[in-house]
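User: Could we go through this model together? I would like to discuss its charges, its strands and its surface.

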Amino acid sequence: MQFQPADVVARASFRLPAADSAEAAVRTCRPLQDELRPLAVEARAAGPDEPGEGFTVEFLLKLPAPQSDDVEGVLRTAAAPLLARLGLDAGKLDVDVEDRDAIVWAGDEALSKGGTACGAYVVHLRIGRDPDEPHELLPEGSLTDEEARALTETLNSLFEQRPVEEH
Amino acid sequence: MSTPAWWDELMSVSDALAAADRAEVAYWRGGAEDGREDSHEDDVPPVTLRLAALGREFASHAHELTAEQQHRFLGVLEDVLRTGSEADGTAVATGFFESLLNAWNGGFDLQAAWAGVGAESQACCLDLNQFWGIESPEWMLPRVA
């Protein structure tokens, strides 16, 4: 899914330990879907690195956000209403300004129960793209001459032929 | 929520299955099948739910579908699993095939349709059986050449 550079995109994950199928898990989240209007809803069996058992439902959301160059401010402002609704602590939002993303987990007590009252256990946000997309290895846009030269030198040093050691 | 690009191809296979999908969308919107006037085209159920409904319909109407229709329908889903996005593939697995396996558990003759299920889809069914702790019968297992 394509997003504008200034969009704040979030993935909110919910645990549905009582659901006996992905379909049941998605149907259980219907009230929240109507309220939050996600762009997409995904469901899968809980993975080994996720709290509890059962199914996980994930909402992909585009959040209203202020127009600003202040990355941290934009992420915190955009996240606040969603986190309040889901019962997550906005004060624990961990912002990475360089990666233009942020993440917050439910507290230990909530995690031990699988999530907050509505089942939310983690929200991940990123400016300009889906938080699930892999990080770019190269910066967006064209490289400057200096950046291109540095990249070429680095690649050459990585791939240059090394003498074969004799055993 | 948006509808994936491959949906039209899936719906072109069978009028009965297409009608079942329209009914699912209408149920989601809480209105008649022709939809409320204020319903937006993106006001549709998550793909997982639509595919789960189609899994049930496929099972209950399998005897009305020709072999060619079954082959085409299952072929679209196989293509999604093979080359579609991870999200679409997960929806096919947890929506359609989970529902189809539940129907099998309820008496649907999955074995009769199994030959038309693609290799990736068959592997998906075996994974789901494993996840649920269900032993897959001999006819579901890949044949060793």
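**Surface charge and pairing**

Analyst: A:Asp94, A:Asp96, A:Glu98 and A:Asp99 form a negative surface patch. Patches take residues with over 30% relative accessible area and no salt bridge, joining like charges within 9 Å and nonpolar side chains (Val, Leu, Ile, Met, Phe, Trp, Tyr) within 5 Å. Lys and Arg count as positive and Asp and Glu as negative, while His and the chain ends are not counted; the place of a charge is NZ of Lys, CZ of Arg, CG of Asp or CD of Glu. This is a predicted model, in which local features need pLDDT of at least 70 and side-chain atom pairs count only at pLDDT 80 or more, whereas totals for chains, interfaces and linings use all residues. Residues are numbered from 1 along each chain as its sequence is written, chains are lettered from A and ligands numbered from 1 in the order in which they are written, and side-chain values use heavy atoms, with hydrogens and water left out.

User: Where is A:Glu98 placed, and is A:Glu98 buried or exposed?

Analyst: A:Glu98 sits in the loop between β4 (94–96) and β5 (101–105) of chain A. Helices (H or I, at least four residues) and strands (E, at least two) are DSSP runs, numbered from the N terminus. A:Glu98 counts as exposed because its relative accessibility is 74%. The classes are buried under 20% relative accessible area, exposed over 50%, and partly exposed in between, with a 1.4 Å probe and protein chains only.

User: How many salt bridges are there over all chains?

Analyst: The count comes to 15, where a salt bridge is a side-chain nitrogen of Lys or Arg within 4 Å of a carboxyl oxygen of Asp or Glu. One of them pairs A:Arg11 with A:Asp132, with 3.4 Å between the closest N and O atoms. A:Arg11 lies in strand β1 (residues 8–16) of chain A and A:Asp132 in the loop between β6 (120–127) and α5 (145–159) of chain A, so this pair ties together parts that are 121 residues apart in sequence. A:Arg11 counts as buried because its relative accessibility is 7%.

User: Which residue of chain B does A:Arg27 meet in a salt bridge?

Analyst: The partner is B:Glu24, at 2.9 Å from N to O. A:Arg27 belongs to helix α1 (residues 22–28) of chain A and B:Glu24 to helix α2 (residues 15–29) of chain B, so the pair joins two chains. A:Arg27 is partly exposed at 30% relative accessibility, and B:Glu24 is buried at 10%.

User: What about A:Arg30 and A:Asp34, how far apart are their closest N and O atoms?

Analyst: The closest N and O atoms of this salt bridge are 2.9 Å apart. Both residues lie in helix α2 (residues 30–36) of chain A, 4 residues apart, about one turn of the helix. A:Arg30 is partly exposed at 23%, as A:Asp34 is at 34%. Elsewhere, salt bridges that share partners join A:Arg11, A:Glu42, A:Arg44, A:Glu58, A:Asp130 and A:Asp132 into one network.

User: Moving to the strands, why is β3 of chain A described as largely enclosed?

Analyst: Strand β3 (residues 55–63) of chain A has 8 of its 9 residues buried, so the rest of the structure largely encloses it. Two strands pair if DSSP finds at least two bridges between them. β3(A) pairs with β1(A) in the antiparallel sense over 9 bridges, with A:Ser13 opposite A:Glu58. β3(A) also pairs antiparallel with strand β2 (residues 40–45) of chain A over 6 bridges, and there A:Glu42 has A:Glu58 as its bridge partner.

User: And β6(A), which strands are joined to it?

Analyst: β1(A) and β6(A) run antiparallel, joined by 7 bridges, and A:Val8 stands opposite A:Ile127. β5(A) and β6(A) are also antiparallel, with 5 bridges; here A:Ile103 stands opposite A:His124. β6(A) is mostly covered, with 7 of its 8 residues buried.

User: How many helices and strands does chain B have?

Analyst: Chain B has 7 helices and 0 strands. Of its 145 residues, 50% are buried.

User: Back to the surface: which residues form the nonpolar patch?

Analyst: A:Leu143, A:Leu151, A:Leu155 and A:Leu158 form it, with about 320 Å² of accessible area together. Accessible areas come from the Shrake-Rupley method with a 1.4 Å probe, and for residues only the protein chains shown count as cover. A:Leu151 is placed in helix α5 of chain A and is partly exposed, at 31% relative accessible area.
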